[in-house]
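Here are my notes on this model, as numbered points. Please read them with the structure open.

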Amino acid sequence: MQDAAASGHLLNPPPSGSRIIAVTSGKGGVGKTFVSANLAAALTRRGHRVLVLDADLGLANLDVVLNLHPKITLHDVFTGKARLDDAVIQAPGGFSVVLAGSGMVEYSRLTPTVRSEFLNVIHTLAPRYDVVLLDTGAGISDVVLFSVSLASEVLIVATPEPTSLTDAYAAIKVLATQQKRQQVRLVVNQAARPGDGRAITGQLQQVLDRFVSTDSGRPLRLIHMGDIPADPTVRDAVMRRQLLMLHMPGCPAALAIAQLAAKVDTTLLTPAA
């Protein structure tokens with residue numbers, strides 16, 4: 001039988017005063033890391049101190065998206081070869097990042113070492129920032145669920161494709177049943193038309209209402225945070241390894257990410273009066 005932490009139960013409350021948001025997805029290839037990086041730039045522009053932590057320990061690609069070549073990664077920190085502070089670097093856009101390094105098979109499983117080292121990273125760094133974005137892996141592996149369990153809020157990225165929505169539903173169901181989440185936030189990337197994301201959120205909510213219940217007896221609440229339209233400029237920025245928010249801030253996708261940042265700011269980061 002799995003222990004509670006390995007199965008993803010919410011046993012690791014974030015450090016007080018810090019806001020940790022897991023950016024995750026049911027399926028790979030939906031633009032999760034693209035959203036994490038550009039949302040970080042947009043939140044930085046709004047005056048927040050932002051850290052993006054590459055929590056995809058086995059297949060990290062945040063460094064590729066940001067065109068960074070780190071000398072020190074989480075691998076060096078976990079193995080005692082470097083200090084954590086030395087792994088924190090500045091990204092284009094003015095926010096901080098800690099990169100994982102890819103192809104490390106030993107971090108694709110949630111061992112006690114990975115768990116304790118990752119907890120140490122979070123509890124050391126989170127108090128220094130207004131918001132920490134955890135760019136997790138895709139799916140519902142132990143490592144992904146553990147990463148998500150460290151967050152106070154979850155942002156699921158999905159596209160309108162049926163496979164993406166099916167996998168998003170599966171991930172949301174696990175978060176409701178194993179982590180006892182009462183709500184999850186949804187961003188629909190590559191939306192074809194305005195309003196697509198809200199309609200998709202409504203359809204997913206209907207399925208959740210029928211088949212998923214939480215400990216409170218109420219269905220998990222799915223909150224639509226915004227749509228990012230299909231935009232050829234995105235592919236160009238990704239191929240060039242450039243942040244869309246810096247190089248094409250007026251394009252439709254960048255404007256949508258700026259709106260997403262505003263919603264995250266007002267609903268999650270600004271204390272209630």
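1. Residue classes come first. Ala, Val, Leu, Ile, Met, Phe, Trp, Tyr, Cys and Pro count as nonpolar; Asp, Glu, Lys and Arg count as charged; the others, Gly among them, count as polar. By these classes, the lining of the largest cavity has six nonpolar, two polar and no charged residues.

2. On the source. This is a predicted model, where local features need pLDDT of at least 70 and side-chain atom pairs count only at pLDDT 80 or more, while totals for chains, interfaces and linings use all residues. Residues are numbered from 1 along each chain as its sequence is written, and side-chain values use heavy atoms, with hydrogens and water left out.

3. The cavity. On a 1 Å grid over the protein atoms alone, a cavity is a set of points where a 1.4 Å probe fits but cannot get out; a pocket is an open set with protein on both sides within 12 Å along at least five of seven lines; lining residues have an atom within 4 Å of a point. The count comes to one cavity of 30 Å³ or more. The volume of the largest cavity is about 30 Å³, a volume being the space filled by probe spheres set on the points, which are joined across faces, edges and corners. Its lining consists of Thr24, Gly139, Val144, Leu145, Val148, Ile156, Ala171 and Leu175.

4. Who supplies the cavity lining? Helices H7 (142-149) and H8 each supply at least two residues. H7 gives the largest share, three residues. Helices (H or I, at least four residues) and strands (E, at least two) are DSSP runs, numbered from the N terminus.

5. The pocket. The largest pocket holds about 510 Å³ of space. Its lining has 25 residues, and Gly29, Val30, Gly31, Lys32 and Phe34 lie nearest the centre. By class, that lining has eleven nonpolar, eight polar and six charged residues. H2, helix H3 (62-66), strand S7 (183-191) and helix H10 (232-240) each supply at least two of the lining residues. H10 gives the most, with four.

6. H2 against H12. Helix H2 (residues 32-45) packs on helix H12 (residues 252-269) at about 70°, with axes 9 Å apart. That makes H2 roughly perpendicular to H12. Axes are lines fitted to C-alpha atoms, for helices over the stretch in contact, and angles run from 0 to 180 degrees between N-to-C directions. Angles under 35 degrees count as roughly parallel, over 145 as roughly antiparallel, 65 to 115 as roughly perpendicular and the rest as oblique.

7. The crossing of H2 with H12 is right-handed. A crossing is right-handed if the near helix is turned clockwise from the far one by less than a right angle, and left-handed if anticlockwise. Contact (heavy atoms within 4.5 Å) involves Phe34, Val35, Asn38, Leu39, Ala42 and Leu43 of H2, and Ile257, Ala258, Leu260, Ala261, Val264, Asp265 and Leu269 of H12. These contact residues divide into eleven nonpolar, one polar and one charged.

8. H8 against H9. Helix H8 (residues 162-177) and helix H9 (residues 196-211) pack at about 45°, with axes 11 Å apart. The two are therefore oblique to each other. H8 passes H9 in a right-handed crossing. Leu165, Tyr169 and Ile172 of H8 meet Ile200, Leu204, Val207, Leu208 and Phe211 of H9. That contact has eight nonpolar, no polar and no charged residues.

9. Val65. This residue is in helix H3. Not counting residues up to four places away in sequence, Val65 touches Thr33, Ala37, Arg241 and Gln242.
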